[in-house]
Amino acid sequence: MYAIKQLRRKKNLSQSDLALEIGVSLRTIQLYEKKDANIPIKNLTKIAAYFDLSIAELYLQEVNEAQETYIRRQPFTKNGSVFYPMDHGKYLVMAPLILTEHQNEYIESLVENDFGKSTFQSGFIVDFLGDEAYRAFEISGNSMDDGSIVAIPNKAIVLGLKLGRTALEKENKTMCNKPYILVCRDRIICKWITGFNGKENAVYCQNLNKSPEYQDFELPLDDILEIFEVVKKQL
């Protein structure tokens with residue numbers, strides 16, 4: 001990120017100094033300061049904290065340093081996410097992030113409190129405000145990686161917009177052939193929904209990866225606690 005280099009220079013820090021403070025190698029910091037760097041959320045949190053910034057403020061620093069223009073409005077919170085208004089009707093949304101290793105905790109909190117919890121956030125720029133909640137999820141495995149432009153590979157972060165249960169129960173055909181995050185009672189998965197089985201009260205789940213180890217299947221609606229349409233992804 002360009003902003004990391006600028007913040008480091010303002011503190012008169014070398015790349016080696018910052019690497020030591022964050023607990024990573026010099027090579028890692030060099031990679032992080034390149035355009036379109038893929039920075040793990042854990043290290044991004046450490047970097048933001050070192051510069052006395054939130055992750056959202058670090059994102060704003062990045063865009064401002066890149067000469068983008070923001071309309072200065074107050075951020076607001078909605079359905080657990082923080083929204084920062086931008087120009088042209090866009091928003092920077094800092095959504096709760098559910099990492100792979102925290103999936104069980106999220107499911108447990110969802111079952112107990114009817115509202116899943118997460119201590120991490122991930123930032124995305126969106127063109128509209130959905131009525132329901134945004135959540136970000138770390139993808140585990142390569143079942144959705146077919147090498148195409150729509151692939152969602154292992155360790156990708158996706159932003160999902162929550163859908164109501166009636167979207168499934170009414171067998172809405174507009175939902176078909178899109179990627180979704182399905183929060184089930186025992187796991188969280190990312191699959192394409194290709195259709196509905198009204199007789200069995202289930203949805204058809206498809207993997208993009210056509211390797212033999214990835215088999216398509218039907219998932220009973222009763223096993224689904226939450227469903228999110230994938231609207232953005234970070235690789």
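## A walk through the helices and strands

Start by selecting helix α2 (residues 15-22) and α4: the two pack at an angle of about 110°, with their axes 10 Å apart. The axes are lines fitted to C-alpha atoms, for helices over the stretch in contact, and angles run from 0 to 180 degrees between N-to-C directions. Helices here are DSSP runs of H or I with at least four residues, strands are runs of E with at least two, and both are numbered from the N terminus.

Before moving on, a word on what you have loaded. This is a predicted model, where local features need pLDDT of at least 70 and side-chain atom pairs count only at pLDDT 80 or more, while totals for chains, interfaces and linings use all residues. Residues are numbered from 1 along each chain as its sequence is written, and side-chain values use heavy atoms, leaving out hydrogens and water.

**Stop 1: the α2 and α4 crossing**

With that angle, α2 and α4 are roughly perpendicular to each other (65 to 115 degrees; under 35 would be roughly parallel, over 145 roughly antiparallel, and the rest oblique). α2 passes α4 in a right-handed crossing, meaning that the near helix is turned clockwise from the far one by less than a right angle. Now show side chains: Leu 18, Glu 21 and Ile 22 in α2 meet Lys 46, Ile 47 and Tyr 50 in α4, a contact being heavy atoms within 4.5 Å. By class, this contact has four nonpolar, no polar and two charged residues. Nonpolar covers Ala, Val, Leu, Ile, Met, Phe, Trp, Tyr, Cys and Pro, charged covers Asp, Glu, Lys and Arg, and the others, Gly among them, are polar.

**Stop 2: α1 and Arg 8**

Select helix α1 (residues 2-10) and pick out its buried residues: Ala 3, Ile 4, Gln 6, Leu 7 and Arg 8. Buried means under 20% relative accessible area, exposed over 50%, and partly exposed in between, with a 1.4 Å probe and protein chains only. Arg 8 counts as buried because its relative accessibility is 8%. What does Arg 8 touch, not counting residues up to four places away in sequence? Look for Leu 13, Ser 14, Gln 15, Leu 18, Glu 33 and Phe 51. Leu 18 is a handy link back to Stop 1, as it is one of the α2 residues that meet α4. After α1 comes Asn 12, whose phi is positive, near 60°.

**Stop 3**

Next, colour β6 (157-163). Six of its seven residues are buried, so β6 is largely enclosed by the rest of the structure.

**Stop 4: the β8 and β9 hairpin**

Strand β8 (residues 188-197) and strand β9 (residues 202-206) run antiparallel, joined by five bridges. Four residues lie between the strands of this hairpin, where Asn 201 takes a positive phi near 55°. β9 is also joined by four bridges to strand β10 (residues 217-220), again antiparallel. Centre on Val 203, the bridge partner of Phe 196 and also of Leu 219 in β10.

**Stop 5: two loops**

Finish with Asp 52, in the loop between α4 (41-50) and α5 (55-65). Asp 52 has a positive phi of about 60° although it is not a glycine, and it is exposed, with a relative accessible area of 68%. Then jump to Lys 155, in the loop between β5 (134-138) and β6: its phi is positive, about 75°, and it is partly exposed at 47% relative accessible area.

Key. Pairing = 2+ DSSP bridges.
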